[in-house]
Amino acid sequence: MKKITSLLCVLLLLSWQAFAQKAQLYPTHWWTGMKWNQVQLLIHQEGINASAATVQLQYPGVTIKKVTRAESPNYLVVDISIAATAKPGVLNFKVKSAGKTQTIPFTLKARTGKSGKDFAHGVTSQDLVYLIMPDRFANGDASNDRIPGYKDTICDRSNPSAHHGGDIQGVINNIGYLKDMGVTSIWMCPVTENDMPWKQEPAGAISGYHGYWITNHYAIDKRYGGADAYKKLVRTAHAQGMKIIQDAVYNHVGDEHFLFKDKPFADMFNNWPAYTGSNHREEALFGAYASQADKKVMLEGWFTPHLPDLNLRNPYMANFMIQNAIWSTEEFMLDGWRVDTYKYCDEQFMNNVNAALLKEYPTLSIFGEAWANSVPGSAYFTKNNMQVPFKHNLPGTTDFPMQSAMLSAINQPFGWTEGLNKLMMTLSQDVLYQDPKLNCIFLDNHDVDRFMTMIGGDEKKYYMGIGLLLTQRGIPQLYFGTEIQMKNDDVQGDGKKRNDFPGGFAGDAQNKFVASGRNAAENAAYEYVKKLANFRKQSKALTLGSTTDFLPQDGVYVYFRKHGNETVMCIINQNQQDKTIALNRFAEMTGNYQQATNVITGSNAVLQGEWRIPAQTMWVMQLK
């Protein structure tokens with residue numbers, strides 16, 4: 001009997017000691033007046049669920065709907081309903097477990113706005129998005145280069161796989177540079193906490209400098225400056241009329257994430273008897289003859305052994321991710337989302353999270369990364385005009401087929417299906433999208449070689465590529481450094497695509513954020529981007545206009561962008577020789593216009609007879 005009594009005392013003492021540890025709530029707080037007013041709280045505290053627990057709450061307008069004991073003894077799930085009459089304040093949950101009662105506070109805040117449209121303005125085809133990997137852009141605060149207590153405290157710019165020290169303050173410091181260039185929106189790779197040690201990947205050991213190994217969805221990584229720096233960036237950008245896009249990762253987490261290390265429910269992750277990687281084939285989802293086995297591997301297979309794949313069919317995991325997306329939008333006043341690894345996520349979940357975000361923020365924008373092999377594969381993940389087994393509600397995608405086509409247009413010789421004809425053929429398939437203008441188009445990004453490297457450093461190809469990017473339909477995205485013709489470093493692994501912006505770090509030999517630090521070729525490239533981007537910003541034809549193209553002939557492609565009375569004529573000659581075009585072929589678009597002005601040079605040309613187009617040149621002509 002004494003042994004039993006002693007054992008009970010020990011268990012009670014352990015429970016009391018566990019309760020002495022502060023409970024963590026996810027979401028960390030919420031707001032009144034939200035459309036998402038049925039909130040599922042995940043309470044994380046050692047031993048909180050060791051025995052049957054009761055939860056009580058007395059707060060006007062807020063009621064507990066359900067309490068669920070997780071499979072782990074360290075979690076309770078509490079579903080609450082927040083009425084429209086609820087006022088901001090602190091909810092004090094009385095949690096009784098193992099004979100002990102504790103009070104766990106949870107704050108209800110007042111919303112930043114009332115309609116969901118006071119921010120979250122979204123990016124459209126009228127924007128120019130600038131993609132930044134914060135660690136590699138600029139170091140604005142050297143004090144956060146190494147964070148004591150983090151699992152990785154290495155900061156070494158000589159190692160392309162290590163953290164380099166770039167941060168959010170570095171982005172803030174260069175807002176003026178971006179605005180002057182014509183950028184209207186900033187998309188950063190994830191700034192959410194990545195408290196991960198180095199991991200082994202096929203190309204070698206690598207740190208989480210890129211941001212895609214999230215370990216806590218409710219924390220901004222301290223190496224980037226934390227939540228305060230992020231809010232400062234948003235305020236600064238908004239004050240300058242610029243927007244912020246956050247990078248979402250719904251497919252996986254880092255294996256140091258608390259939900260994986262201590263799983264509330266075992267099936268919150270896609271578990272396999274042995275490690276199984278994704279087959280990466282989107283055709284397994286929509287193909288006419290696709291097997292269920294291949295579909296399962298596509299959606300539930302892991303990226304790497306250190307990136308646990310989320311089971312988004314599990315209602316607790318789904319709620320956790322959807323609520324975090326809403327929470328982040330409200331907390332940081334975001335304008336849009338770019339969704340990483342979109343095609344690998346449970347399809348119904350993706351529709352659900354998109355619908356929840358757009359219900360709360362009607363003017364928010366969302367585009368998903370679907371690295372597809374074909375236009376049908378890309379269109380499948382968006383609102384489309386196809387008869388397919390599942391209908392997605394994603395407004396737009398990162399347009400990889402278009403990227404491939406633009407590169408082919410300037411890299412490949414002219415042929416029946418090559419070169420400029422590949423670009424024309426790709427654009428002809430826009431009939432598959434409900435609105436191709438909502439696709440994000442790009443020449444390069446953090447996952448591929450830099451554009452200047454892919455074209456072999458060819459100056460003429462560079463200007464043709466930039467011309468295409470800024471005159472085609474869609475939301476153009478410029479990767480940091482492309483405007484100054486940055487190339488890859490000659491190193492192994494993804495670090496070669498993610499080299500530092502010269503001048504963003506102490507000790508850099510040149511500062512290419514300013515004209516005096518750039519050479520003649522870099523200044524010419526920057527000025528070209530700046531001039532065309534700023535012209536595009538005020539051109540309704542290029543941003544909102546319809547497109548009419550004429551079949552490429554003899555290596556020359558002509559297309560028009562038109563909105564109201566404004567018409568812009570775009571001509572690209574990919575040949576190594578000058579070519580002559582007869583203007584009467586384009587009479588249906590040139591109409592009663594008399595002349596055209598070259599947007600870059602300012603020179604005028606009469607719209608009659610023939611024009612001689614220089615070799616490997618693109619003209620952007622405003623008709624008058």
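Strands are DSSP runs of E at least two residues long, numbered from the N terminus, and in this predicted model strand β13, which spans residues 204-206, gives the most to the lining of the largest pocket, with 3 residues. The volume of this pocket is about 800 Å³. Its lining is made up of 31 residues, and among these Glu-201, Phe-303, Asp-447, Asp-494 and Arg-498 lie nearest the centre. By residue class, the lining divides into 12 nonpolar, 11 polar and 8 charged residues.

The confidence of the prediction was considered next. The average pLDDT of the protein is 95, and 96% of the residues score at least 70. Over residues 1-18, however, the pLDDT is below 50, and this stretch has 7 contacts in the model beyond near neighbours in sequence. Where pLDDT is low, the predicted coordinates should not be read in detail.

Helix α13, formed by residues 420-428, has among its buried residues Leu-420, Asn-421, Leu-423, Met-424, Thr-426 and Leu-427. An α-helix has 3.6 residues a turn, so residues three or four places apart point the same way. The cover over the buried residues of α13 includes the helices α11 (375-380), α12 (400-411) and α15 (459-469), together with the strands β21 (546-553), β22 (556-563) and β23 (566-573).

Aromatic side chains were examined as pairs. A pair of aromatic rings is described by the distance of the centres and the angle of the planes. The count comes to 39 aromatic pairs. One of them joins Phe-260 and Phe-269 in an edge-to-face arrangement, with 5.1 Å centre to centre and 75° between the planes. Phe-260 has a relative accessible area of 19% and counts as buried because the limit for this class is under 20%, while Phe-269 is buried at 2%. A further edge-to-face pair is formed by Phe-550 and Phe-586, with 5.0 Å centre to centre and 90° between the planes. Phe-550 belongs to strand β21, whereas Phe-586 is in the loop between β24 (579-582) and α18 (587-590), so this pair ties together parts that are 36 residues apart in sequence. Both Phe-550 and Phe-586 are buried.

Two individual buried residues were then followed. Ser-539, in the loop between α16 (520-538) and α17 (540-544), has a relative accessible area of 0%, and, when neighbours within four places in sequence are left aside, Ser-539 is in contact with Glu-566 and Val-568. Leu-76 lies in strand β6, residues 75-82, and is likewise buried, at 0% relative accessibility. With neighbours within four places again left aside, the contacts of Leu-76 include Leu-41, Ile-48, Val-67 and Val-95.

Most residues other than glycine have a negative phi, and most peptide bonds are trans. The peptide bond from Tyr-26 to Pro-27, by contrast, is cis, with omega near 0°, and Pro-27 is placed in the loop between β1 (24-26) and β2 (29-31). Met-333, although not a glycine, has a positive phi of about 55°; this residue is in the loop between α9 (315-332) and β16 (336-340) and is partly exposed, with a relative accessible area of 28%. Gln-616, also not a glycine, has a positive phi of about 45° and lies in the loop between β27 (610-613) and β28 (617-623), where Gln-616 counts as buried at 10% relative accessibility.

Key: Residues are numbered from 1 along each chain as its sequence is written. This is a predicted model: local features need pLDDT of at least 70, side-chain atom pairs count only at pLDDT 80 or more; totals for chains, interfaces and linings use all residues. Side-chain values use heavy atoms; hydrogens and water are left out. Buried means under 20% relative accessible area, exposed over 50%, partly exposed in between (1.4 Å probe, protein chains only). Helices (H or I, at least four residues) and strands (E, at least two) are DSSP runs, numbered from the N terminus. Contact means heavy atoms within 4.5 Å. pLDDT is the predictor's confidence in each residue, from 0 to 100. On a 1 Å grid over the protein atoms alone, a cavity is a set of points where a 1.4 Å probe fits but cannot get out, and a pocket is an open set with protein on both sides within 12 Å along at least five of seven lines; lining residues have an atom within 4 Å of a point. Grid points are joined across faces, edges and corners, and a volume is the space filled by probe spheres set on the points. Ala, Val, Leu, Ile, Met, Phe, Trp, Tyr, Cys and Pro count as nonpolar, Asp, Glu, Lys and Arg as charged, and the others, Gly among them, as polar. Rings of Phe, Tyr and Trp (its six-membered ring) pair if their centres lie within 6.5 Å; planes under 30 degrees apart count as stacked, over 60 as edge-to-face and the rest as tilted.
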